[in-house]
Amino acid sequence: MVKNLDGKISAALKRLSSGKKAFNKSDYIGAFGESARAKARDVLRRYFSEHSPFAGLAPIFVSIGGGDGRELEYLLGSESKANVGVLLEGVPEFAAAARAIKIEGKQLHVIEGDAQEKLVDAFTLAEGFVEPGCALAVTCHAVLH
C-alpha cells in the first residue's frame, strides 16, 4: 500500500482549497499507482481462491473509474487468466494514459466519459467478450467530484 495515502490526499485537497497550487492530475493519479496494483493483487487472490465460485472461469474485467489503467494492466498481467479488460474513465488525461498500455495477447479497451452516462456502453462492450468459461468481474473505485 502507498504510505500515508490519506495524508497525501488531504494535503492535495488543502492546496486546492487554499488556491496555493493548481491541481496536478499527474501527481494525483501517481499517488494511487501502488494502491491500484495492491487492489488488483487482492482482486486476483479472491477471484481465483479455491473458495471462489468463479475460480475456474476466465474473467472479463470492467474497471469503473480505474484512472490511468494501472489496475487493469495488473489484472491482465501474467498472474491472471484474463484476456480482456474494459476501463471506464472520466478524466481524459487518465484515459489517454490507459490507451497507451499494451499487453501482448491481451485487450484493454478504454471508454472515456462520465460513469453515469457511459456505464451501459462499458457493460455492453464487456458482455460481447463473455463466452462459456468466462465471467464478468467488476471493480469500482471511489472518486472525488
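Here are some notes on the structure above, which is a predicted model.

1. Let's start with strand β2 (84-89). The strand is mostly covered, with six of its six residues counted as buried. V84, V86 and L88 point to one side of β2, while G85, L87 and E89 point the other way. Note that E89 is buried along with the rest of them.

2. Next to that is strand β1 (residues 58-64), which runs parallel to β2 and is joined to it by five bridges. If you want a pair to look for on screen, I64 has L88 of β2 as its bridge partner.

3. On to the nonpolar packing. The largest nonpolar core has 17 residues, and L44, F61, L72, L75, L87, L108 and V110 are the ones with the most contacts inside it. Helices α3, α4 and α5 and strands β3 and β4 (134-140) each put at least two residues into this core. Another core, of 11 residues, lies apart from it, and its members include I60, V86, I111 and C134.

4. Leaving out residues up to four places away in sequence, F61 touches V43, L44, L72, L75, S80, A82, V84, G85, V86 and A137.

5. S80 sits in the loop between α4 (70-75) and β2. Is S80 buried or exposed? At 10% relative accessibility S80 counts as buried, because the cut-off for buried is under 20%. A polar atom of the S80 side chain lies 2.9 Å from the backbone oxygen of L75. With residues up to four places away in sequence not counted, S80 touches L44, F48, P59, F61, L75 and K106.

6. Helix α5 (residues 92-99) has F94, A95 and A98 as its buried residues. Looking down the axis of α5, the buried residues fall within an arc of 100 degrees, so they line one face of the helix.

7. Now for the charged pairs: how many salt bridges turn up in the whole structure? The search finds four. One of them joins the side chains of R45 and D42, at 2.4 Å from N to O. Both residues lie in helix α3 (residues 33-47), three residues apart, or about one turn of the helix. R45 counts as exposed at 52% relative accessibility, whereas D42 is partly exposed at 28%.

8. D68 and R70 make another salt bridge, with their closest N and O atoms 2.6 Å apart. Here D68 counts as buried at 11% relative accessibility, while R70 is partly exposed with a relative accessible area of 22%.

9. The side chains of E112 and R99 also meet in a salt bridge, at 3.1 Å from N to O. This pair links distant parts of the chain, with E112 in strand β3 (residues 107-112) and R99 in helix α5, 13 residues apart. E112 is partly exposed, with a relative accessible area of 31%, and R99 is partly exposed too, at 37%. Finally, salt bridges that share partners join D42, R45 and R46 into one network.

Terms used
Residues numbered from 1 in each chain as written. Predicted model: local features only at pLDDT ≥ 70, side-chain atom pairs only at ≥ 80, totals over all residues. Heavy atoms only, no water. Helix = DSSP H or I, 4+ residues; strand = E, 2+ residues; numbered from the N terminus. Buried < 20%, exposed > 50% of the residue type's maximum accessible area, 1.4 Å probe, protein only. Polar contact = N/O pair within 3.5 Å; in protein donor to acceptor, adjacent residues only side chain to side chain. Contact = heavy atoms within 4.5 Å. Arc of directions from axis to C-beta. Core = buried A, V, L, I, M, F, W, Y, C linked by side-chain atoms within 4.5 Å. Pairing = 2+ DSSP bridges.
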